[in-house]
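Hi,

Here is the structure for you to look over. My notes follow below it.

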Amino acid sequence: MEAVTEGVNNLAITEPHKKNRIQVSNTKKPLFFYVNLAKRYMQQHEEVELSALGMAIATVVTVAEILKNNGLAVEKKIMTSTVDVNDDSRNRPIQKAKIEILMGKSEKFDELMAAAAAEREEREAAEAEEQA
């Protein structure tokens, strides 16, 4: 797990940081944190790049599938590769699988997000009424 985190940190040093890239870890945040973050990034940038190393790849694929199945996003590009990550315990580099999935807004994205916001406002208003 530490090697994955270290690998993600090393990537940030060697690659220029993109404003619409989310580097996913399988240990730090819950799945829907990344789903909601991706939605927010797509509102701002029209597309989002999901990136992960090693065991976090399953999380990235799940996030992409949730966005796709809910009609919010479409896959534009999927890139796979391997990267060398320094393993301090063995004092040598090890190779980690890497995936990058570029997701773009679907045609219905804005409509679906507006409907979800309206539903949330209705629910909050109903809850406020119940408490009064």
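Which residues form a negative surface patch? They are E121, E122, E124, E127, E129 and E130. Please keep in mind that the model is predicted.

One member of this patch, E129, lies in helix 4, which covers residues 109-131. E129 has a relative accessible area of 65%. The cut-off for exposed is over 50%, so E129 counts as exposed.

Now the overall layout. The chain has four helices and four strands. Along the sequence they come in the order α-β-α-β-α-β-β-α. Of the 132 residues in the chain, 36% are buried.

- Strand 2 (residues 47-53) pairs with strand 4 through seven bridges, in the antiparallel sense.
- Strand 3 (residues 73-87) is joined to strand 4 by 14 bridges, and these two also run antiparallel.

M103 turns up in both pairings. In strand 4, M103 stands opposite V48. M103 is also the bridge partner of E75.

Last, the turn. Strand 3 and strand 4 form a hairpin with four residues between the strands. In this hairpin, N91 takes a positive phi near 60 degrees.

Best wishes

Note on methods: Residues are numbered from 1 along each chain as its sequence is written. This is a predicted model: local features need pLDDT of at least 70, side-chain atom pairs count only at pLDDT 80 or more; totals for chains, interfaces and linings use all residues. Side-chain values use heavy atoms; hydrogens and water are left out. Patches are made of residues with over 30% relative accessible area and no salt bridge: like charges are joined within 9 Å, nonpolar side chains (Val, Leu, Ile, Met, Phe, Trp, Tyr) within 5 Å. Accessible areas come from the Shrake-Rupley method with a 1.4 Å probe; for residues, only the protein chains shown count as cover. A salt bridge is a side-chain nitrogen of Lys or Arg within 4 Å of a carboxyl oxygen of Asp or Glu. Lys and Arg count as positive and Asp and Glu as negative; His and the chain ends are not counted. The place of a charge is taken as NZ of Lys, CZ of Arg, CG of Asp or CD of Glu. Buried means under 20% relative accessible area, exposed over 50%, partly exposed in between (1.4 Å probe, protein chains only). Two strands pair if DSSP finds at least two bridges between them.
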